Amino acid sequence: MTTHRNCIICESPTDIVEYCHMQGCLYVRCTQCDLIYVDRFATNEQMMQAYTGGGLKSFRRRLFGPLRKLRNISGYAHFMQRARDIFRSVSQGVSTRQNKRFLDIGCNKGFLLTAAIEQGFDVYGVELVKELIRPFKNTYPQFAGNISSEKFSVAAQGFDADFFDVITAIDVIEHFEDPIQDTRNIYRMLKPGGKFVIQTPDVDCSQAIQLGCDWGALKPLEHLHLFGRKNFPTFAAKIGFRDISIHDPYEDADGNFIAIMYK
Ligand SMILES: [Zn+2]
């Protein structure tokens, strides 16, 4: 019998069953908490390839990236409206004093950062795909130095403890190779009382249950750990977060949930 990687929530070597074989990887499932995770990750190269969409997409971004501003992105008005709606809910209850700091991990094109700038926040971002965030940097050169294009685990080392009022990770924690370590870093970087908001796929949603291995969120080169609205509070409490609440997603996509928690 082969042994599988332990569940990061239960830390139990037993009760791990094979879930789906796909793209040369194996998803396993913890029968205690229902966490679904990739047993052994693909190589860094294979994972990076999945992020940049291979050669062509990345080439196109490089070609059109240098001069583009955010407004030139097609669908700008729609994306901005969505970002403002999300940020309104993210910043709810956050103090209105000056010098509020906001970090968006996996900030993509920077729409959420832009919505935060409009609300007077100092903004910071982490985005692995450099070309994606270039129009934001062109538009807000004063914040360009606050954007890191390292993996979060590396970028986190550059941030002080007790620094941020709000941190978001929208559709991101499923990508973390070491969610315990990365989420501990997020906790460290938040001010006491600071707020952390995530959106991530939900293993408890009806699509996940009905579709099994055909569930759209199963992408073993990108989605390494899939949580659910039932097990996430246990995970977050283990890191030290308090007042953890689960909500319906900003975007349902393949079935997501939102969790809000405080340091
Ligand atoms: Zn478990």
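**Cysteines first, then a methionine**

Cys 213 is partly exposed, because its relative accessibility is 38% (buried is under 20% relative accessible area, exposed over 50%, and partly exposed in between, with a 1.4 Å probe and protein chains only). Keep in mind that this is a predicted model, where local features need pLDDT of at least 70, side-chain atom pairs count only at pLDDT 80 or more, and totals for chains, interfaces and linings use all residues. Residues are numbered from 1 along each chain as its sequence is written, and side-chain values use heavy atoms, with hydrogens and water left out.

So who is the partner of Cys 213? That's Cys 20, with the two sulfurs 2.0 Å apart in a disulfide (a pair of cysteine sulfur atoms within 2.5 Å). The bond ties together distant parts of the chain, 193 residues apart: Cys 20 sits in strand β1 (residues 16-22), while Cys 213 lies in the loop between α8 (206-211) and β9 (225-226). Helices (H or I, at least four residues) and strands (E, at least two) are DSSP runs, numbered from the N terminus. The S-S torsion is about -95°, so this disulfide is left-handed. At 1% relative accessibility, Cys 20 is buried.

The count stops at 1 disulfide. Cys 205 is buried at 11%, as is Cys 7 at 1%.

Beyond its neighbours within four places in sequence, Met 47 is in contact (heavy atoms within 4.5 Å) with Phe 41, Ala 42, Glu 177, Leu 221 and Leu 224.
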